Amino acid sequence: MKFVFADSMDYVDPNFDFIKDQTAATRKPYWDDQYPHEILGYAPYDGILVSRAIVGDHRFPGKYTEAQSMRFRRVGARKFLRLDGPKYADMMLMGDCGAFSYSAMSAPPYTPEDTVEFYADGGFTHGCSIDHIIFEFDPTVTGMDGGSDAAHDRFDITLELAEKFLRASRGLGKSFTPIGVVQGWSPDSMADAAHRLLAMGYRYLAVGGLVPLKTEAIHQAVAAVDAVVRCKPDARMHLLGFAKADAISQFCRYRVASFDTTSPLIRAFKDARRNYYLRDGSRSICYYTAIRIPQAHENNALKRQVKSGRLSQENLARMEASALTALRDYSKGRLNLDAVLDAVVDYARPVYWSPREEEQALDRRMDTLREQYRNTLDARPWERCRCSVCAASGVEVIVFRGSNRNKRRGIHNMGVFREHLREQLAS
Ligand SMILES: [Zn+2]
């Protein structure tokens, strides 16, 4: 089963100065920065998914600058992502339209023809048909029952575009694999869509609409599509936007050839508690809470308290500096655990403070946080990881602060996740 990473320009500055908290004045973003496979020295994934919506074009700007978007289309995904060396020759380069970006529109803004052109320019090995997300899922209805009018509309639009896309993609030749996207509002409607896509000629189906679903509902959807896929000996599935990456081994029972996710990266700075991954001896992943030390002059919650006069900028800056210094001293063995906990929790208090919460509630939150931080700091996981990110950044990788630390931690997580996945799949 291949792990495909959905890229969203997730690179870091290899020369970032943690002490001064700044990048060099001469740094050229993208050019001087490093993708996960560059900073780790190996690719922690089997492929990369690039969405049209992220690249953008003259009509719909994406996350790329105009110059980057133009360069992407000129040199192709492989060169743009700096995956053009021989060791990456087998890397899956998957394209999709990024259906979330236009989910509020009544119909997708792209045509099968301009999508094929995007895949041709990008030199993609795999590309998804244009889909329209259905945000409903009801496992209790059978056949084509249930589903709102909008769900039925989107179901029809997705299949109609898939048929046209398959025809248009023939010009891309044998090195390109078209993927037909399944959208539905129930297991049976998804099975029906899968059946129709196979009848059109697709042999690689992507199960869409999984992002908001709970693991149990994902099983119901995937099992329904799997039963149809198994009727064709050469058919297989991709799971689109599979956010429950930790549960992926449960999906080995289905004919899943690949899945894409950003979750190991995103968890590093979006999860409340599980920010740093480390494999333990018992074939599972241990999760640690990163230590939040936001920049006092950039954090919105802190800026509001300064503006209202509750806190002074000087005091905050002093607490921020002591938290950072304490953490560094602790990592070098110059400070004990309770002293570093005092410093980081002192600064966490204003970070977590809310005008709508009573002091006692905040006290309880700080007690819980202190225990989570104690667990992280006592275990010193950054010293136990041998990846190049942790080796180079040391304790800075566990600090929840700014994109250079947060994304480094996410990239480290991807390496851990990849190893874990390999072990799970081998057993
Ligand atoms: Zn690491």
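Axes are lines fitted to C-alpha atoms, for helices over the stretch in contact, and angles run from 0 to 180 degrees between N-to-C directions. The views show a predicted model, in which local features need pLDDT of at least 70, side-chain atom pairs count only at pLDDT 80 or more, and totals for chains, interfaces and linings use all residues. Residues are numbered from 1 along each chain as its sequence is written.

**View A. Packing of helices H7 and H8.** Helix H7 (residues 187-200) packs with helix H8 (residues 215-229) at an angle of about 35°, their axes being 8 Å apart; helices (H or I, at least four residues) and strands (E, at least two) are DSSP runs, numbered from the N terminus.

View B. Strand S9 (residues 276-279) runs antiparallel to strand S10 (residues 285-288), to which 4 bridges join it; strands pair if DSSP finds at least two bridges between them. Tyrosine 276 has tyrosine 288 in S10 as its bridge partner, and in the turn of this hairpin, which has 5 residues between its strands, arginine 283 has a positive phi of about 60°.

**View C. The buried side of helix H13.** Leu369, Tyr373 and Leu377 are the buried residues of H13, where buried means that 20 or more other C-beta atoms, placed from the backbone, lie within 10 Å of the residue's own. These buried residues pack against strand S11 (291-292), helix H11 (313-331) and helix H12 (337-352). Arginine 380, with a positive phi near 45°, follows H13.

Conventions. Buried ≥ 20, exposed ≤ 12 C-beta atoms within 10 Å, placed from the backbone. Contact = placed C-beta atoms within 7 Å.
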